[in-house]
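Subject: Structure for you to look at

Hi,

Here is the structure I promised to pass on, with some notes to read alongside it. Please have it open while you go through them.

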Amino acid sequence: MAQQTFADLEHAGWQAKASAYDAGVNTITRTIFPSILNHLGGDLANRRVLDICAGTGELTAALAALGADATGLDFSEAMVALAAEKYPLLTFKTGDAQNLRLDANSFDDVVCSFGLLHLPDPDQAIAEAARVLKPGGRYLFTVWNNPDQNGGFMKIIMSAIADHGSPDVDLPPAPPAFRLADPSEAQRALAAAGFDNTTVEVVDAQWFPATGQEVLDMIYRSMVRIPMLLDAQPPKARDKIEAAIISSSEATRDGATLVISTPATLVTATKHSD
């Protein structure tokens, strides 16, 4: 049997975790949606908008609520089925962000919320977004901040791995998870795809879990790329990493809940007008 690729593992993970994602990490990513919608403007009437890596459809539904003719696309059939069940009046499609089977110059806006880090070739996905956008169309994506940018949730996880295990484990090759949170890298990738007027900003939000154990459980239950990394650690190292994640999360406690920062980088650009 051929060795599984990064894309294989991502697809299998999201197929298995669609429902858990909706009740888990999606509750965090949704806190960034107001900033995304604010950048697109309050009235999206008569605008065709494509939501790539749409997951279970919440952002697609929010775009439609602002008047957009919104389509959600995801590579996970399970995600698309759940989105269609939740929002039966909206359009959801199964598809590959790196090879969109959609007409060129057909959308006014394209968004991709926390999807690029799950793709083998994010630059190709950016190029495909440019292809399906009309000249002058807007592109917006979000990614988790690099842990060294301003801490938060990802720093808790990655510091625990660095202190007690290793980020360099036996996994299929994958693109750097936090590369596009670097403003210079985001600018370079967008310019190469035919975008200009790039803006990059950090959007901070907060998560209020009850315990550090809830944080660890959510990671395993409803995320994919981080559990891949944790599962590949030697058992003793993994035990120490898990304990460190719980301890560092508990260190944020303020009364009845923890207060965990979940900073994200929000990037916008405009396709060159011919």
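The second largest pocket in this predicted model is lined by Asn-146, Pro-147, Asp-148, Lys-155, Met-158, Ser-159, Ala-162, Pro-167 and Phe-178. About 150 Å³ of space lies in this pocket. Helix H7 (147-150) and helix H8 (153-164) each supply at least two residues of the lining, and H8 gives the largest share, 4 residues. By class, the lining has 5 nonpolar, 2 polar and 2 charged residues.

A word on how to read these notes. Residues are numbered from 1 along each chain as its sequence is written, and side-chain values use heavy atoms, with hydrogens and water left out. As this is a predicted model, local features need pLDDT of at least 70 and side-chain atom pairs count only at pLDDT 80 or more, while totals for chains, interfaces and linings use all residues.

The terms for the pocket are these. On a 1 Å grid over the protein atoms alone, a pocket is an open set of points with protein on both sides within 12 Å along at least five of seven lines, whereas a cavity is a set of points where a 1.4 Å probe fits but cannot get out; lining residues have an atom within 4 Å of a point. Points are joined across faces, edges and corners, and a volume is the space filled by probe spheres set on the points. Ala, Val, Leu, Ile, Met, Phe, Trp, Tyr, Cys and Pro count as nonpolar, Asp, Glu, Lys and Arg as charged, and the others, Gly among them, as polar. Helices (H or I, at least four residues) and strands (E, at least two) are DSSP runs, numbered from the N terminus.

Now for the cavities. The structure holds 2 of 30 Å³ or more. The largest has a volume of about 70 Å³, and its lining consists of Leu-116, Leu-117, Pro-122, Val-143, Pro-175, Pro-176, Ala-177, Arg-179 and Leu-180. Those residues divide into 8 nonpolar, no polar and 1 charged. The second largest cavity, at about 40 Å³, is lined by Trp-144, Asn-145, Asn-146, Pro-147, Gly-151, Phe-153, Met-154, Thr-262 and Pro-263.

Thr-265 is found in strand E11 (residues 264-271) and counts as buried because its relative accessibility is 1% (buried means under 20% relative accessible area, exposed over 50%, partly exposed in between, with a 1.4 Å probe and protein chains only). Not counting residues up to four places away in sequence, the contacts of Thr-265 include Phe-141, Val-143, Gln-149, Ala-181 and Val-202 (contact means heavy atoms within 4.5 Å).

Helix H5 (residues 77-86) is worth a look too: Met-79, Val-80, Leu-82 and Ala-83 are buried there. Seen down the axis of H5, its buried residues fall within an arc of 165°, so they line one face of the helix; the arc is that of the directions from the helix axis to the C-beta atoms. They pack against helix H1 (6-23), strand E2 (69-74) and strand E3 (91-94).

From H1, Tyr-21 counts as buried at 14% relative accessibility. Leaving aside neighbours within four places in sequence, Tyr-21 is in contact with Trp-14, Asn-26, Thr-29, Gly-55, Thr-56, Met-79 and Ser-222.

Lastly, two backbone angles. Most residues other than glycine have a negative phi. Asn-105, in the loop between E3 and strand E4 (107-113), has a positive phi of about 55° and is partly exposed, with a relative accessible area of 41%. Asn-197, in strand E6 (residues 195-203), also has a positive phi, near 55°, and is exposed at 57%.
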